[in-house]
Amino acid sequence: SNMQAQQKEIDLSKVVLVLKENKKRIAISTGITTLIAIVYCLIATPIFTAATIINPPKLSDAGSGAAQLIGGLAALGGGGGFLSQKTDADVSIAIMKTNAMKDLVISKFDLQQLLKQKDIELTRRTLDGKVKFIPDMKSGFIEIDVDDKDPKLAAALANYYVIALGQMVSNISYGKSNIKYQFFNQQLDKAESSLNTAEEAVKQFALKNGILAGQQVSIVANLATQLQAQLVVAQAQLQAMSLYASPDNPDYIELNSRIASYKGQLDKLNNSASPDPIGVPAGLAPELAKQYAGLMRDVMFRQEVYKIIARQYEANRLDSVSELTPVGIQVVDPAVVPLYKSAPKRLNIILKGLMLGLIASSVYFILRNRKKIIVEIESEIKP
């Protein structure tokens, strides 16, 4: 015998009927939400957006002062692969998102006071909500968008971000060149004291062995001494650089190859047994002459080291001074004071209000009358 089973289904014609029966109420609900949306549009604070477009500084170039920074980032990110994936725009945006950068902007416009925030952390968060950085993959440019209820402040902030980025890049570069400057400063002091010690030793020898003070002895710094001095300076520099630069940093690679070149040239010279150009005063016993030549060679070597370090010290001193001035960032399109507000988008909000009222009230009446809508259908099950 056949058995009867019951299945429940939604009757769409009854859904339409329920909606027709409640059309007045649905219309009222929709009218209310639309009205709320209109009121919101009238009372909401208008927001203005100012945009500036920049060509980011070439921070991944070996020549820039920030190259060491990038080297450091590459090391943090797991080697050279990280560096190749990061564009100049990526690095610039990462710098602009740092707390140090936000603090520059906050202090410039006294934003903590202006935005009525109780501490710097909350001020940074509020600033985050106002600023967007949009990189353009094709051109490599960055658009800096700033939203604010005051159109003049929005434009001023967008334009100041460019100056602050230049200052940040300079600060990073200055930090690196300052390390090098301090290093050469210390090295210069050491070289000077070594030279004084070597000269004092010659003076004492002369007094002890009765060499006349007025006796002129020609000393010619030979190539081997110059190379030896350059090698000593370069090795000390490499040791200092290893503290802040990774081995794949272009400056580090260049210095390493220079050291190898000095060593190669010295090997060749040592094998060719170049004559010793040091003059010895007449009338000195052979063993004293040898001792005197050794002391004079030491003075000559210390003088060479001192000369090289003095040149590098001066170059680094000028570098660190020039890097205190902000890097000029190329502005493609400066921000102007916006005339029309970017938010609230009235039509958008009113349409959302209308749709919300219509859908929410329809769903409400369908659920309320679900017993009328769901019908039971009997179907036969054959044994």
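The exercises below, each with a worked solution, concern a predicted model of a single chain.

**Exercise 1. Overall composition**

Determine how many helices and strands the chain has, and what share of its residues is buried.

Solution. The secondary structure comprises 14 helices and six strands. The chain has 383 residues, and buried residues make up 34% of them. A further step concerns contacts between residues at least 6 apart in sequence: 81% of these join residues at least 24 apart.

**Exercise 2. Packing of H10 and H12**

Classify the orientation of helices H10 and H12 as parallel, antiparallel, perpendicular or oblique, and describe their contact.

Solution. Two packed helices are described by the angle between their axes and the distance between the axes.

Step 1. Helix H10 spans residues 223-241 and helix H12 spans residues 286-322; the angle between them is about 50 degrees, and their axes lie 9 Å apart.

Step 2. An angle counts as roughly parallel under 35 degrees and as roughly perpendicular from 65 to 115 degrees. H10 and H12 are therefore oblique to each other.

Step 3. The handedness of the crossing of H10 and H12 is right-handed.

Step 4. On the H10 side, the contact is made by Thr-225, Gln-226, Gln-228, Ala-229, Gln-230, Val-232, Val-233 and Gln-237. On the H12 side, it is made by Met-300, Phe-301, Glu-304, Val-305, Ile-308, Ile-309 and Gln-312. Sorted by class, the contact of H10 with H12 contains eight nonpolar, six polar and one charged residues.

**Exercise 3. An aromatic pair**

Decide whether the pair formed by Tyr-364 and Phe-365 is stacked, tilted or edge-to-face, and state how accessible Tyr-364 and Phe-365 are.

Solution. A pair of aromatic rings is described by the distance of the centres and the angle of the planes.

Step 1. The model contains six aromatic pairs. One of them joins Tyr-364 and Phe-365, with 5.1 Å from centre to centre and 70 degrees between the planes.

Step 2. Planes over 60 degrees apart count as edge-to-face, so the pair of Tyr-364 and Phe-365 is edge-to-face.

Step 3. Tyr-364 is partly exposed at 45% relative accessibility, whereas Phe-365 is buried at 5%.

Step 4. Tyr-364 is located in helix H13. Its C-alpha atom is separated by 9.3 Å from that of Ile-26, although Tyr-364 and Ile-26 are 338 residues apart along the chain.

**Exercise 4. Backbone torsions in loops**

For Asp-110, Lys-116 and the bond between Ala-343 and Pro-344, report the backbone geometry and where Asp-110, Lys-116 and Pro-344 lie.

Solution. 

Step 1. Asp-110, which is not a glycine, has a positive phi of about 50 degrees. The residue lies in the loop between helix H6 (99-109) and helix H7 (111-114), and Asp-110 is partly exposed at 44%.

Step 2. Lys-116 likewise has a positive phi, near 55 degrees. Lys-116 belongs to the loop between H7 and helix H8 (120-130), and at 73% relative accessibility it counts as exposed.

Step 3. The peptide bond joining Ala-343 and Pro-344 is cis, with omega about -5 degrees. Pro-344 occurs in the loop between strand S5 (330-333) and helix H13 (346-368).

How values were computed
Residues numbered from 1 in each chain as written. Predicted model: local features only at pLDDT ≥ 70, side-chain atom pairs only at ≥ 80, totals over all residues. Heavy atoms only, no water. Phe/Tyr/Trp six-rings, centres within 6.5 Å; stacked < 30°, edge-to-face > 60°. Buried < 20%, exposed > 50% of the residue type's maximum accessible area, 1.4 Å probe, protein only. Axes fitted to C-alpha atoms, helices over the stretch in contact; angles between N-to-C directions. Helix = DSSP H or I, 4+ residues; strand = E, 2+ residues; numbered from the N terminus. Parallel < 35°, antiparallel > 145°, perpendicular 65-115°, else oblique. Left-handed = near helix turned anticlockwise from the far one by under 90°. Contact = heavy atoms within 4.5 Å. Nonpolar A, V, L, I, M, F, W, Y, C, P; charged D, E, K, R; others polar.
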